[in-house]
Amino acid sequence: KFYIVEEGALYATKGSERVLEYQPGEYFGELALLKNQPRAASVVVESSEAKVLSMTRLSFSKMLGPLQSLLARHASEYK
């Protein structure tokens, strides 16, 4: 699934290393969908609560299809 942070603070880990932080308006999960691979990181809620919007692979493809190349370019910035 693809996730958009609506409320709260989250962070991504790879193994024991903290690699990214997410605030409202930011998103994650696109790499697994774009590359058709298993997730590369785990996302943990840091704040007392969080609310995320989720989108299935099919919805992601339908809604964001034209933007997939933009997301793929942004993905190159990840560790």
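The dialogue below goes from the overall layout to sheets, cores and salt bridges.

Me: What should I know about the model before I start?

Reply: This is a predicted model, in which local features need pLDDT of at least 70 and side-chain atom pairs count only at pLDDT 80 or more, while totals for chains, interfaces and linings use all residues. Residues are numbered from 1 along each chain as its sequence is written, and side-chain values use heavy atoms, with hydrogens and water left out.

Me: How many helices and strands does the protein chain have?

Reply: Helices (H or I, at least four residues) and strands (E, at least two) are DSSP runs, numbered from the N terminus. The protein chain here has three helices and six strands. Along the sequence they follow the pattern β-β-β-β-α-β-β-α-α.

Me: How are the strands S4, S1 and S6 arranged?

Reply: Two strands pair if DSSP finds at least two bridges between them. In this case the three strands make an open sheet with the order S4-S1-S6 and antiparallel pairing. Strand S4 (27–28) and strand S6 (51–55) are the edges; each has a single partner strand, so one side of each lacks a neighbour in the sheet. Strand S1 (residues 2–7) is joined to S4 by two bridges. Ile4 is opposite Tyr27 in S4.

Me: Which helix packs on this sheet?

Reply: Contact means heavy atoms within 4.5 Å. Axes are lines fitted to C-alpha atoms, for helices over the stretch in contact, and angles run from 0 to 180 degrees between N-to-C directions. Helix H2 (residues 57–64) packs on the sheet and touches S1 and S6, with its direction at about 85° to that of S6.

Me: What is the order of the strands in the other open sheet?

Reply: The order is S3-S2-S5, again three strands with antiparallel pairing. S3 and strand S5 (42–45) are at the edges, each with a single partner strand, so one side of each has no neighbour in the sheet. From one strand to the next, the twist averages 30°. Four bridges connect S2 to S5, and Tyr11 has Val44 in S5 as its bridge partner.

Me: Which residues make up the largest nonpolar core?

Reply: In soluble globular proteins, nonpolar side chains tend to be buried together. Buried means under 20% relative accessible area, exposed over 50%, and partly exposed in between (1.4 Å probe, protein chains only). A nonpolar core is a set of buried Ala, Val, Leu, Ile, Met, Phe, Trp, Tyr and Cys residues joined through side-chain atoms within 4.5 Å. The largest one here has six residues: Val5, Leu10, Ala12, Val19, Tyr22 and Phe28. At least two residues of this core come from each of strand S2 (10–14) and strand S3 (17–22). Another core, of five residues, lies apart from it and includes Phe2, Met55, Phe60 and Leu64.

Me: What is Val5 in contact with, leaving aside its neighbours within four places in sequence?

Reply: The contacts of Val5 beyond those neighbours are Leu10, Tyr22, Gln23, Pro24, Gly25, Glu26, Phe28, Lys51 and Val52.

Me: How many salt bridges does the structure hold?

Reply: A salt bridge is a side-chain nitrogen of Lys or Arg within 4 Å of a carboxyl oxygen of Asp or Glu. The structure holds two. Arg18 meets Glu21 in a salt bridge at 3.6 Å, N to O, and Arg18 also meets Glu46 at 2.8 Å, N to O.

Me: How far apart are Ala50 and Glu7 in sequence and in space?

Reply: Ala50 and Glu7 are 43 residues apart in sequence and 5.1 Å apart in space, C-alpha to C-alpha. Ala50 is in the loop between S5 and S6.
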